[in-house]
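Visitor: Could you zoom in on one buried spot in this model and then work outwards from there? I'd like the cut-offs along the way.

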Amino acid sequence: MDLDLLVVLVAALWGAATGALLPRAAYRFSVPAGEAWRERCPQGHPVRGWLGRARCGQCAAGEPSSGPRAAGDPASGPRPAGDPSSGPRPAGESSSGPPAAGDPASRSRPAGDPASRPRPAGDPASGPRPAGEPSPGPGAEGDPASGPHPAGDPSSGPRPAGQAVYGPRATPLALLTALVCAALAAATGVRPELAVWLLLAPAGVLLAAVDLKVRRLPDPLTLPLAGAALALLGLAALLPEHAGEWTTALLGALALGAGYLLLFLINPAGMGFGDVKLALTAGTVLGWYGWPTLMLGTFAGFLLGAFYGGALLVARRASRKTAIPFGPFLIAGAFLGVLAGAYAA
């Protein structure tokens with residue numbers, strides 16, 4: 001097998017394996033700004049670890065929740081006034097209050113009305129029963145509580161299997177990461193910087209997924225990623241046959257970070273500070289292949305973002321004041337720039 005083809009195949013397998021581990025981290029990081037990272041599934045079970053599938057084994061087994069449920073859970077919080085299940089009722093009372101005016105049950109029935117005569121023993125609607133009369137057991141015909149609860153009822157025992165999945169599916173993330181890694185391997189070949197691209201690619205996919213979900217780029221990912229990119233490219237620069245310059249990578253990080261910071265200061269509503277931090281990483285990887293690659297990747301990111309915003313306007317799904325997540329387009333522009341720079345080198 002050709003060496004380049006083998007490298008592409010190994011890179012694709014690496015991307016698929018690492019991408020399949022991203023769903024749990026994507027779920028835990030996908031919270032609005034100012035909120036703590038998620039520690040429980042929507043049903044209140046603890047989520048352990050950061051890597052792996054976003055699937056709760058306790059939900060799949062139908063175990064009761066061990067903590068507060070997520071917002072929007074129909075079983076959470078107090079029930080509204082008048083809810084038939086909101087408290088104990090007096091003996092024989094069938095509703096939580098007197099019949100409303102105009103309720104057919106509130107008027108006296110004429111003589112001879114079949115509903116006005118006493119019901120036969122055993123009728124579930126007959127009210128209090130005579131002494132000694134056995135009450136119908138659970139599941140009696142006509143009892144609204146009889147039989148299994150419908151699927152999705154919070155009190156219905158084991159939940160459907162679909163409710164155990166609380167975050168993004170592993171397959172789309174694995175396929176996307178595999179495609180990104182394979183493309184980087186095909187453009188870079190066996191040069192030392194390929195190892196750096198393969199290590200950074202899963203983090204880029206994770207950041208894009210989180211930003212698309214909640215328009216937030218978490219600091220625990222953006223700042224360490226910039227430092228890791230500089231450190232790893234510094235090691236690659238010590239190896240033979242590398243095709244970039246570490247000094248230009250450092251200057252590119254400073255230049256692109258300063259440019260995004262200026263945009264943030266001019267229009268904070270149009271540029272988030274998370275984008276400024278992510279620009280340090282983008283400037284590093286683009287600057288590795290020189291200033292033309294840096295400009296190409298930067299322009300590609302803005303162009304992709306403009307196309308996306310324009311498409312939303314045409315589809316009338318957004319207005320000119322609608323905020324869109326820019327992180328995915330910044331990452332996509334850096335990816336395209338690195339592909340072009342690696343291929344040209």
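Guide: Let's start at threonine 281, which is buried at a relative accessible area of 7%; buried means under 20%, exposed over 50%, and partly exposed in between, with a 1.4 Å probe and protein chains only. Before going on: this is a predicted model, where local features need pLDDT of at least 70, side-chain atom pairs count only at pLDDT 80 or more, and totals for chains, interfaces and linings use all residues. Residues are numbered from 1 along each chain as its sequence is written, and side-chain values use heavy atoms, with hydrogens and water left out.

Threonine 281 sits in helix α8, residues 273-287 (helices are DSSP runs of H or I, at least four residues, numbered from the N terminus). Its neighbours, skipping residues up to four places away in sequence, are Thr222, Leu225, Ala226 and Ala229, where contact means heavy atoms within 4.5 Å.

Lysine 277 and aspartate 219 meet in a salt bridge at 2.6 Å, N to O; the rule is a side-chain nitrogen of Lys or Arg within 4 Å of a carboxyl oxygen of Asp or Glu. Aspartate 219 belongs to helix α6 and lysine 277 to helix α8, so the pair ties together parts 58 residues apart in sequence. Lysine 277 is buried at 14%, while aspartate 219 is partly exposed at 35%. The count of salt bridges is two; arginine 191 and glutamate 193 form one, with their closest N and O atoms 3.1 Å apart. Arginine 191 is buried at 17% and glutamate 193 at 0%.

An α-helix has 3.6 residues a turn, so residues three or four places apart point the same way.

Tyr260 leads us to the largest nonpolar core: 50 residues, with Trp197 and Tyr260 having the most contacts inside it (buried Ala, Val, Leu, Ile, Met, Phe, Trp, Tyr and Cys, joined through side-chain atoms within 4.5 Å). Elements giving two or more residues to this core include α6, α7, α8 and α10, and the largest share, eleven residues, comes from α5. Tryptophan 197, leaving out neighbours within four places in sequence, contacts Leu184, Thr188, Leu233, Val285, Trp288, Tyr289 and Val338.

One last stop, for the backbone: glutamate 241 has a positive phi of about 70 degrees despite not being a glycine. Glutamate 241 lies in the loop between α6 and α7 and is exposed at 64%.
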